[in-house]
Amino acid sequence: MVGEMTASLPYALTAELTHRCPLHCPYCSNPIELQKRENELSTDEWLSVLEQANDLGVAQVHFTGGEPLLRPDLERLVRRARELGLYVNLITSGIGLTEDRLKHLSEAGIDSIQLSVQAASAELADSIAGFRSHELKRQAAQRIRERGLPLHMNVVLHRANLHQIEEIIELCADWGAERLELANAQYYGWALRNVYELLPRREQLQAAEAAYKRALERFGRRIELIWILPDYYEDFPKPCMGGWGRLSLTVAPDGRVLPCTASSDIRSLTFENVKERELGWIWHDSPSFNAYRGYDWMPEPCRSCERRELDYGGCRCQAFQLTGDARATDPVCVRSPHRGIVADRVGSVEHGKAGTPDYAYRGR
């Protein structure tokens, strides 16, 4: 039937091992209500998650946080994931990635490491991170390359660092990155709390896009560059994680299973926990994962829109955080009755009404 969609098998698992982190980035993707250490899954529980994910058909696992290096069992989890035949990627700030730790991770079978960076200059990067981390990141990148592991990097782009985009790309290329994700800030959680401090002006964004295109010509053969669209300035929303519950799943530090990392903020849903339910049942049968699959849940104008098979109605997390209704048409869409919420925020920044950066810092 038109309104039904059978769940495909998940391709990737994002394993959020902890919310603990030495950095205090104002755009942090972790929820406002961070999980405490005592609520984290145990080693045996994570090993069970990996085995269940493998049985479900997952091909990749991305160990992340917070800072996953704060978990002393990380090497054991990496080793087990590789024994199961999963591709293993570590997403890290690089803080704590000593030569000895990297040696053990390499021996455990880690396939690639994604390292974050905040800016091109140490002064600005450390200011954004709320921690003197830039030099430690450079050292981590050097160790990764010396170990012969693929180095991927990512940077969240916003008002404070967009002017450095060419320098950021050059820095990552010099550090030996094979791939760089240039991720314009997405406004959920901490980034939404700091939206007026982070959101760039349209003129600044256009200048950054032009700089990105110049960098493509200059560095295109040295490093793969990925540009993540800044959706507040788009006419139509991005697909929600390739469609709600279609391609991937996230296990939070406390064991809740989420369609994406930001969805824990949707208070109208109850998310099942791997401590109580099998991962396969959660993926196929849980009310939370089936809530926004298919098209029957969609309101107008989404239900009759020709774009519904392209963007699946947009982001459910954004819809909830901006309207209080996760079923609502993503306010980014020009056809949404809630478009004014996004337009007002953009307008405030465009007309200089937003204040100078005074971030609400994650973890402080």
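Guide: The account below begins with the helix packing, then turns to the backbone and ends with the cavities. The model is predicted.

Two packed helices are described by the angle between their axes and the distance between the axes. Helix α1 covers residues 43-56 and helix α2 covers residues 74-83; their axes come within 10 Å and cross at roughly 20 degrees. An angle under 35 degrees counts as roughly parallel, and α1 is therefore roughly parallel to α2. The crossing of this pair is right-handed. On the α1 side, the contact is made by T43, D44, W46, L47, L50 and E51, which meet R76, L77, R80 and A81 of α2. By class, the residues of the contact of α1 with α2 comprise 5 nonpolar, 1 polar and 4 charged.

Helix α2 also packs against helix α3, which spans residues 99-108. Here the angle is about 20 degrees, and the axes lie 8 Å apart. The two helices, α2 and α3, are therefore roughly parallel to each other. Their crossing is right-handed. The residues of α2 that take part are L74, E75, V78, R79 and R82, and their partners in α3 are R101, H104, L105, E107 and A108. This contact of α2 with α3 contains 4 nonpolar, 1 polar and 5 charged residues.

The crossing of α6 and α9 is right-handed. From α6, the contact draws on I165, E166, I169, E170 and A173; from α9, it draws on A208, A211, Y212, R214, A215, R218 and F219. The classes in this contact of α6 with α9 are 8 nonpolar, no polar and 4 charged.

The peptide bond from G65 to G66 is cis, with omega near 15 degrees. P301 lies in the loop between α11 (287-290) and α12 (308-311). In the loop between α12 and α13 (316-323) one finds Y312. Phi of Y312 is near 55 degrees, a positive value in a residue other than glycine.

Rolling a probe the size of a water molecule over the atoms shows where empty space is left. A search of the whole structure finds 3 cavities of 30 Å³ or more. The largest cavity has a volume of about 100 Å³. Its lining consists of 14 residues, and those nearest the centre of this cavity are C302, C305, D311, T329 and C333. The lining of the largest cavity divides into 6 nonpolar, 3 polar and 5 charged residues. The second largest cavity holds about 50 Å³ of space. The residues that line the second largest cavity are L157, N184, A185, Y187, L199, P200, P230, D231, Y232 and Y233. Of these lining residues, 8 are nonpolar, 1 is polar and 1 is charged.

Technical notes. Residues are numbered from 1 along each chain as its sequence is written. This is a predicted model: local features need pLDDT of at least 70, side-chain atom pairs count only at pLDDT 80 or more; totals for chains, interfaces and linings use all residues. Side-chain values use heavy atoms; hydrogens and water are left out. On a 1 Å grid over the protein atoms alone, a cavity is a set of points where a 1.4 Å probe fits but cannot get out, and a pocket is an open set with protein on both sides within 12 Å along at least five of seven lines; lining residues have an atom within 4 Å of a point. Grid points are joined across faces, edges and corners, and a volume is the space filled by probe spheres set on the points. Ala, Val, Leu, Ile, Met, Phe, Trp, Tyr, Cys and Pro count as nonpolar, Asp, Glu, Lys and Arg as charged, and the others, Gly among them, as polar. Axes are lines fitted to C-alpha atoms, for helices over the stretch in contact, and angles run from 0 to 180 degrees between N-to-C directions. Helices (H or I, at least four residues) and strands (E, at least two) are DSSP runs, numbered from the N terminus. Angles under 35 degrees count as roughly parallel, over 145 as roughly antiparallel, 65 to 115 as roughly perpendicular and the rest as oblique. A crossing is left-handed if the near helix is turned anticlockwise from the far one by less than a right angle, and right-handed if clockwise. Contact means heavy atoms within 4.5 Å.
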